[in-house]
Amino acid sequence: VVIPPELLSPDSLTPRDELPPFFRNVDLTRNVLPCIMVHEMLHAQQNYPSDKSLLAQVMVEGVADFITQKAVGCVQTAAATYAYGEAHERELWEVFQKEMHGTDYSKWLYNGNIKDRPDQLGYWMGYQIAEAYYERAEDKQKAIRDLLNIRDFKAVLEASAYAERFK
């Protein structure tokens, strides 16, 4: 895992406008280093089929955030993104379920320039699905293994019963 140290050691004089858009709203202080390291190392542990759907990419990031939370008590995604997600869960789900089989990530992932809501909401959405799957599982260790070895993203979503929250 390669993480550029200049992104994790800014101070008050660091010009954030020179950073790529994705990094401008991220807490880049040293206290998030464990969160970022574990999240990125988890990507190396994920054994997934090639799938470019929004659902798959949201699960890639959300599972990494979810297991990072379990492992070290934090996520790499900005707290404001998670707070917004919690406050707008139903409306976000309604939009996401219409878009999840497509490949347009612009409203959900890698989108530091979004104007009307926080960026990276796909991380939050994937986290919600992963958490719902984990909470429903009787064997929590197996659930973690399942989440790291997803073969069918739609089946995991269905098994999570996440959509049932909104009926």
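1. Helices here (H or I, at least four residues) and strands (E, at least two) are DSSP runs, numbered from the N terminus. Just after helix H2, Gly 73 takes a positive phi of about 80°.

2. On the basis of the note: this is a predicted model, in which local features need pLDDT of at least 70 and side-chain atom pairs count only at pLDDT 80 or more, while totals for chains, interfaces and linings use all residues. Residues are numbered from 1 along each chain as its sequence is written, and side-chain values use heavy atoms, with hydrogens and water left out.

3. H2 is mostly covered, with 15 of its 19 residues buried; buried means under 20% relative accessible area, exposed over 50%, and partly exposed in between (1.4 Å probe, protein chains only).

4. The structure holds one disulfide, a disulfide being a pair of cysteine sulfur atoms within 2.5 Å. Cys 35 and Cys 74 form the link, with an S to S distance of 1.9 Å. Cys 35 belongs to helix H1 (residues 33-45) and Cys 74 to the loop between helix H2 (54-72) and H3, so the pair links distant parts of the chain, 39 residues apart. The angle about the S-S bond is -115°, and the link is left-handed. Both Cys 35 and Cys 74 are buried.

5. Nine aromatic pairs are found in a search of the whole structure. Rings of Phe, Tyr and Trp (its six-membered ring) pair if their centres lie within 6.5 Å; planes under 30 degrees apart count as stacked, over 60 as edge-to-face and the rest as tilted. One of the pairs is Tyr 82 with Tyr 127: the ring centres are 5.4 Å apart and the planes stand at 90°, so this pair is edge-to-face. Because Tyr 82 lies in helix H3 (residues 79-87) and Tyr 127 in helix H5 (residues 121-136), the pair ties together parts that are 45 residues apart in sequence. Tyr 82 is buried at a relative accessible area of 12%, and Tyr 127 is buried at 10%.

6. Trp 93 and Phe 166 are a stacked pair, with ring centres 6.0 Å apart and planes at 15°. Trp 93 is in helix H4 (residues 89-99) and Phe 166 in the segment after helix H7 (153-160), 73 residues apart. Both residues, Trp 93 and Phe 166, are buried.

7. Two charges sit over rings, as judged by NZ of Lys or CZ of Arg within 6 Å of the ring centre and within 35 degrees of the ring normal. The charged end of Arg 117 is over the ring of Trp 108, 4.6 Å from its centre. Lys 140 is over the face of Tyr 134, at 5.0 Å from the ring centre.8. In helix H6 (residues 140-148) the buried residues are Ala 143, Leu 147 and Leu 148. Seen down the helix axis, they fall within an arc of 135°, so they line one face of H6; the arc is that of the directions from the helix axis to the C-beta atoms. These buried residues pack against H1, H2, H5 and H7, where contact means heavy atoms within 4.5 Å.

8. Asp 104 lies in the loop between H4 and H5 and is partly exposed, with a relative accessible area of 49%. Asp 104 and Ser 53 are 51 residues apart in sequence, with their C-alpha atoms 8.0 Å apart in space.
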